[in-house]
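Biologist: Hi! Could you walk me through how the chains in this model touch each other?

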Amino acid sequence: MIFPAILFFVCALLAIVGAVMVILAREPIHSALALILVMMSLAVLYLLLGAEFIAAVQILVYAGAIMILFVTVIMVINAGVEERTDFSKIAKFAGLPLGFFLLLETAHWLYHSAIGAAIANGPGAHAEAFSTRELSTELFRRYLLPFEATSILILIAVLGALVLARKDE
Amino acid sequence: MSVIPISYYLVLSAVLFGLGVVAFVFKRNVITVFMSVELMLNAVNLAFVAFARAHGQVDGLAYVFFVIVVAAAEAAVGLAIVVMLAQNRESLNVERMNSLKF
Amino acid sequence: MEFISQHPVLVAAVVKVVVLLFVVMTALAYLTWLERKVVAHIQSRWGPYYVGAHGLLQPLADGIKFLFKEDVTPPASDRLIYLLAPFLALSLALTALGLIPFGPPGVRFPNGQPVFIVSDVSIGLLFLFAITSLGVYGVALAGWSSNSKYPLLGALRSSAQMISYEVSLTVSVVGVLLLAGTLNFNHIIEGQRGYWHWLRIVPHWYIVPQIVGFLCYLTAAIAETNRVPFDLPEAETELVAGFHTEYSSFKFAMFFMAEYANMITVSCLATILFFGGWLSPFPDRWTWQLYLPGAGLLALGVYCAYDSVTEMRGLARLQLSVVTLLALGGGALCLLPGVAPVIQGPFWFTAKVLGFLFFYIWIRGTLPRFRYDQLMSFGWKLLLPVSLANLVLTAAWFAWGWVRG
């Protein structure tokens, strides 16, 4: 089957194009849409890797909740076109090449690492998809404490947002 | 070409993370700066899932789950702060935000 | 030909998607007809009457009208997003329908692929929620890109409303998931086979223990699809037409179709989760139910024949005769011993979904619109606590083994 390979390259390309668009777009809402594109293509990649549950959660929480919050906030505060500011000379001449070099080196290292040689193919190929049941068992047994901690974290976040949004008396 | 090595996913993850860092440094709007953090988190998630696939263990997926939950909490508080900033100052430019109290 | 035999899954999927699209598009068109007809009768009017017999060709006329209207793009709009929004809304609404099983998985094509199931995802319900949760974008982006006050207000209201009610919608469904122990639609439906042991004749549908969850789901679903009494995003009397004020021609029609497609999706979901999906409400030993679809179509044919005799207009009489012939022929076909068992699943599924759609229209014809603050306090202060309480009670019951899972 050649479909996984095609799908991988198409989605990888879409993700990179989306990430570049996040940087280049002047309107915040265009950046948000580009980021949604990245998230959707990552969801497809998760499906390719056999992580169905994570793909669904990625769409449900990231694209369906977090980004909608972003878009709504952009609409509410009417964030216009971004201002352009001069950044420092050092950043311009040293930062970019250095950053690019770092990226290249990371990619090189990852590409030649032992783990990178493993083969990843999702359901349909020889590898089985991760079972959601197994993941949930793991979450509620081994990771029970972190799981409960995240619920408290969410509670605190909700309270924090409420406190921030409250009108001053 | 019928199989995709894990390294492809890892390289993609690294590239996305790098682009996220670039966006974080270059963008001037608070909201887009915030979005680039989300982009970096997404890149890390991809690496986690790829590692989980390489080892055939679900632990990586559990981490991704936690990252997503924390990102949701962060977005809730962060965007509330952004709305407050927008109400109290005239600009959303991060460079103009140089005082803690006003 | 070699390709077709080598990729049975792909070929079957393409065929099913095309057929599904055709059926759903037709259903959407006639849903508008049904809505206008039912609301008209509730209000003591006739509704569409002149285009074809009983206005049966009205959807076609509407479609042609939409196609030929001028397509206006406001000069101040963000063109790309303005164009993207209606496509996003409609395509997401249609994609969600691809996850719905319309009949039992046992009915298969000669190449072994199930006929009535487009995609059998192991976590189907989660994917459905994921796709429907993206529906807000269509509305929000349409309102923002129009660059106009009323659409923006409508879009803001809509995103707040949809996010709020999505929480209740999801929580109200979790009770069913606890009972079913799975996220797969087919397994959820199979879990509803049989009868409650203390109520011999009541089917083992999850509505019996989950009646509170069902009511919460129904309310939240109406709000999610922006229907009356929760249609604040497009409240005509306050916001002109809400988020799609600036849209005209076919783009407007796309928003319209997306709304109706979403209605069908939530009705399908209610059918699957609470009313046993494609299962028959009668016990298997009642074999006469096999002939129910055929008998229903025959009855429709007889009614149309009677109607065509009393109809005064010549063209309408001709159309009614055609409908009569179709109904009688279809009825006879459904009575054939080879066809009757196959058609059972889709028949019950469609019947239940139609019941829900009728309920939706009935609500629209009956209730006045909420005020915005009422809507928000209702969603957060009543609906969410009730559905959470339902979830906690169900979990407690389940933990102590009071309910058969």
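Modeller: Happy to! One term to begin with: a polar contact is a pair of N or O atoms within 3.5 Å, where, within protein, one must be able to donate a hydrogen and the other to accept it. Please keep in mind that this is a predicted model.

Biologist: Which elements of chain A are on the side that touches chain B?

Modeller: Those giving two or more residues are helices H1 (3-24), H2 (28-48), H3 (52-77), H4 (89-112), H5 (132-141) and H6 (144-165) of chain A, together with strand E1 (119-120) of chain A. H3(A) gives the most, with 13 residues.

Biologist: And what kinds of residues are on that side of chain A?

Modeller: They divide into 61 nonpolar, 9 polar and 6 charged.

Biologist: How many residues are in contact, counting both chains?

Modeller: 76 residues of chain A are in contact with 71 residues of chain B. The area buried between these two chains is about 6800 Å², and carbon and sulfur atoms give 79% of that.

Biologist: How many salt bridges are there between chain A and chain B?

Modeller: The rule finds 1 across that interface. Asp59(B) and Arg142(A) meet through their side chains in a salt bridge, at 2.8 Å from N to O.

Biologist: Changing topic, what about chain C against chain A?

Modeller: That contact takes 24 residues from chain C and 25 residues from chain A. The buried area here is about 2100 Å², with 79% from carbon and sulfur atoms.

Biologist: Which three residues of chain C supply more of its buried area than any other three?

Modeller: Phe127(C), Tyr137(C) and Trp144(C), which supply 27% of the area that chain C buries against chain A.

Biologist: How many salt bridges and polar contacts are there between those two?

Modeller: The rule finds 0 salt bridges between chain C and chain A, while 5 residue pairs are in polar contact, both at pLDDT 80 or more. On the side of chain C that touches chain A, helices H4 (79-97), H5 (124-133), H6 (135-146) and H7 (149-180) of chain C each supply at least two residues. By class, that side has 18 nonpolar, 5 polar and 1 charged residues.

Biologist: Last one: what is the confidence like for chain B?

Modeller: Its mean pLDDT is 83, and 93% of its residues reach 70 or more.

Terms used. Residues are numbered from 1 along each chain as its sequence is written. Chains are lettered from A and ligands numbered from 1 in the order in which they are written. Side-chain values use heavy atoms; hydrogens and water are left out. Contact means heavy atoms within 4.5 Å. Buried area is the accessible area (1.4 Å probe) that two parts lose on being put together, summed over both. A salt bridge is a side-chain nitrogen of Lys or Arg within 4 Å of a carboxyl oxygen of Asp or Glu. Helices (H or I, at least four residues) and strands (E, at least two) are DSSP runs, numbered from the N terminus. Ala, Val, Leu, Ile, Met, Phe, Trp, Tyr, Cys and Pro count as nonpolar, Asp, Glu, Lys and Arg as charged, and the others, Gly among them, as polar. A polar contact is a pair of N or O atoms within 3.5 Å; within protein, one must be able to donate a hydrogen and the other to accept it, and residues adjacent in sequence count only if both atoms are side-chain atoms. pLDDT is the predictor's confidence in each residue, from 0 to 100.
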